[in-house]
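Grab the viewer and work through these exercises one at a time. Try each task yourself before you read its solution.

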Amino acid sequence: MLQYRYDTQLLIDGEDLDEDEINDYFVKNFKGDCLLAVGDEDLIKIHYHTNEPWKVLEYCASLGEIYDIVVEDMDRQARGLKG
């Protein structure tokens, strides 16, 4: 059994984005692991494993336009099913 079930990935298109601030917000406010928040002030790529992907999406949408959103169920994938 996985501790964090959903692999959540997306891009944030915005202005004055700060990957360090975004990273800190994730660490303080979301339970999960495998965090990747990289980019520049206009575009940030997010990768995160969590059980509550909707919270990640809500926060990221507050920062700018989100797109290329992928939420995969890693538990289903581990059982050989489509994630």
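**Exercise 1.** Find which residues I12 is in contact with, leaving aside its neighbours within four places in sequence.

*Solution.* Contact means heavy atoms within 4.5 Å. With that rule, I12 is in contact with L17, D42, L43, I44, I46, C60, L63, G64, E65 and I66. Before going on, note that this is a predicted model, where local features need pLDDT of at least 70, side-chain atom pairs count only at pLDDT 80 or more, and totals for chains, interfaces and linings use all residues. Residues are numbered from 1 along each chain as its sequence is written, and side-chain values use heavy atoms, with hydrogens and water left out.

**Exercise 2.** Work out which residues have the most contacts inside the largest nonpolar core.

*Solution.* Start with the term: a nonpolar core is a set of buried Ala, Val, Leu, Ile, Met, Phe, Trp, Tyr and Cys residues joined through side-chain atoms within 4.5 Å. Buried means under 20% relative accessible area, exposed over 50%, and partly exposed in between (1.4 Å probe, protein chains only). The largest core has 13 residues, and I12, I22, F26, I46, V56 and C60 have the most contacts inside it. Next, see where the core comes from: strand 1 (6-13), helix 1 (19-29), strand 3 (43-50) and helix 2 (53-63) each supply at least two residues. Helices (H or I, at least four residues) and strands (E, at least two) are DSSP runs, numbered from the N terminus.

**Exercise 3.** Decide how the rings of Y25 and F30 are arranged, then do it again for F30 and Y59.

*Solution.* Rings of Phe, Tyr and Trp (its six-membered ring) pair if their centres lie within 6.5 Å; planes under 30 degrees apart count as stacked, over 60 as edge-to-face and the rest as tilted. For Y25 and F30, the centres are 5.7 Å apart with 70 degrees between the planes, so the pair is edge-to-face. F30 and Y59 are edge-to-face too, at 6.1 Å centre to centre and 65 degrees between the planes. Finally, Y25, F26, F30, Y48 and Y59 form one aromatic cluster.

**Exercise 4.** Is T8 buried or exposed?

*Solution.* First locate T8: this residue lies in strand 1. Then check its relative accessibility, which is 0%, so T8 counts as buried.
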